[in-house]
Amino acid sequence: MQSSIPSSHDHPLAAEPSAEPVLSPRAVALVIVALVFATFGEGIILGLIPAAVPGIGLLFGKSAGDLTWVNTTQLLSTAVCTPVFARLGDMYGHRRLLRVAVLLALLGAIACAAAPSFGVLLAGRVLEGTVAAFTALGFGIVRDRLPERSQRLAMTSVAASLLGGIAIGLVVAAEVYSVSHNTRAVLWIPVAFFAVSAVMLLTLVPESRRRARVRVDWPGALTLSAGLVILLLAIAEGASWRWTSGRTTGSLVAAAALLAAWVATELTVREPMVDLRIAARRRVAPIYLASLTLGVAFFGAQTATSTFLASPRKLLGYGFTLDLTHVALVLLPGSLVAVIGALAVAPLARLGGHKATLYTGCAAMAAGYGAMALWHANLAAFIVTMCITNLGTGIVNAGVPVVLAERAARTSTGIATGLFNTAKGVGGSISGAAFAAVLTSIAIAHTSVPRQSAYVVVWLVCGACALVSLLVVVTATGRDREAAADAGADQ
């Protein structure tokens with residue numbers, strides 16, 4: 001019998017793996033290639049959209065503040081979709097849900113590329129929020145079907161491919177725009193990647209065998225969605241002084257009530273969407289808590305940095321007057337450094353342990369953003385600061401999922417790593433709404449154009465969040481060498 005409130009790490013009714021033959025080395029290699037390509041497509045989206053943001057603004061006549069919603073809507077979708085898809089993957093098969101996620105992302109990419117209005121483009125970005133589930137579902141397949149000697153390589157490769165996709169997305173975006181001078185042509189690029197990825201997942205990847213026999217917590221998903229939507233609107237509209245203080249306060253109270261109801265739901269239902277008890281465990285709680293502020297550091301400055309690069313210096317006194325091609329090329333070195341950071345996780349962990357590796361990544365992000373706030377008048381210096389920031393991003397983004405996956409039961413790998421993406425998405429979406437308000441409210445008189453100081457505020461807040469993440473991770477308890485034993489005890 002299950003306890004009244006079971007842990008996602010302990011499912012006595014979990015399905016036993018069927019007696020299937022062990023995958024051959026060739027089959028293992030093909031699985032890794034297919035999963036890497038799927039996550040690579042996720043990276044394409046993450047790299048391409050920030051570079052395309054200035055062009056999207058011109059296409060639909062939107063201000064820098066409005067354009068932050070291009071990322072915020074996708075991050076909000078990520079916050080909800082990731083735990084739902086991860087849980088469904090643990091229940092019904094990670095490959096099955098990965099296929100669904102890729103197809104929804106494909107539809108979203110088509111909607112963005114063909115969007116007749118800004119609203120339709122945002123709807124497409126909501127569908128693209130499923131890309132954040134790729135990593136969690138891929139890790140579930142890796143833990144279930146690949147031999148242990150191949151698992152760490154596979155997980156590290158998947159994480160690194162996300163960052164590699166960001167770099168390649170920038171290169172392809174720059175080349176396509178330089179030839180076509182058409183933002184829509186750039187937005188069609190992810191469509192091709194997701195279509196190929198769907199074919200590879202249909203033909204090369206086996207289904208995971210273990211099942212967690214639980215139910216989907218739809219009330220929890222709906223409550224979280226409603227609470228976050230109202231919270232983001234309250235932050236964006238209230239901080240921009242578009243609403244009266246009473247209406248904003250009412251919205252914040254409603255959001256707080258819904259989120260409190262969500263916490264109560266997750267603590268009382270037998271099979272929660274987000275098992276807060278897993279997140280509260282001493283060995284992982286600091287990592288999950290830090291993921292909220294890491295989401296701000298990862299995503300908060302993306303749109304702002306792109307619009308800053310594209311800002312006309314002669315007219316505004318800041319920026320570098322770059323078109324989409326040159327924005328992409330300027331962002332490229334930082335993306336390549338992020339890949340190097342991701343690939344450095346394994347050797348760094350061997351030298352100093354996983355916690356020390358995460359410390360290094362958080363410290364690099366904090367230092368990079370601080371330098372960006374100080375030295376943003378010279379393009380070369382600006383690129384250096386972005387490289388420092390992205391080095392930390394690569395280390396943390398690749399290091400955290402590996403740590404969490406190794407400390408999770410095999411039937412809970414999807415939801416354990418999915419919680420990381422959920423927390424990042426929540427942090428990123430909240431910061432997106434807040435920074436939209438900053439860029440809108442700190443504006444040149446009688447315009448919607450941000451002052452230079454608005455961008456400095458964004459970078460300083462992101463740096464402060466990276467520093468807070470570092471301080472939180474430092475409180476993590478336990479030793480790295482105990483992780484495997486802990487995960488094994490849960491299985």
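This is a predicted model: local features need pLDDT of at least 70, side-chain atom pairs count only at pLDDT 80 or more; totals for chains, interfaces and linings use all residues.
Local features were considered at pLDDT of at least 70 and side-chain atom pairs at pLDDT 80 or more, whereas totals for chains, interfaces and linings use all residues. Residues are numbered from 1 along each chain as its sequence is written, and side-chain values use heavy atoms, with hydrogens and water left out.

The chain contains 21 helices and zero strands, where helices (H or I, at least four residues) and strands (E, at least two) are DSSP runs numbered from the N terminus. Of its 491 residues, 60% are buried, that is, under 20% in relative accessible area, with exposed meaning over 50% and partly exposed in between (1.4 Å probe, protein chains only). Among contacts (heavy atoms within 4.5 Å) between residues at least 6 apart in sequence, 81% join residues at least 24 apart.

Phe 194 lies in helix α8, which spans residues 189–204. Its relative accessible area is 0%, so Phe 194 is classed as buried. Beyond residues up to four places away in sequence, Phe 194 touches Gly 41, Glu 42, Ile 45, Val 102, Ala 105, Leu 106, Ala 109, Val 131 and Phe 134. Phe 40 is 154 residues from Phe 194 in sequence, yet the C-alpha atoms of the two are 9.5 Å apart.

Zero disulfides were found in a search of the whole structure, a disulfide being a pair of cysteine sulfur atoms within 2.5 Å. The cysteine sulfur closest to that of Cys 462 belongs to Cys 465 and is 6.6 Å away, too far for a bond. Cys 462 is buried at 0% relative accessibility, and Cys 81 is also buried, at 18%.
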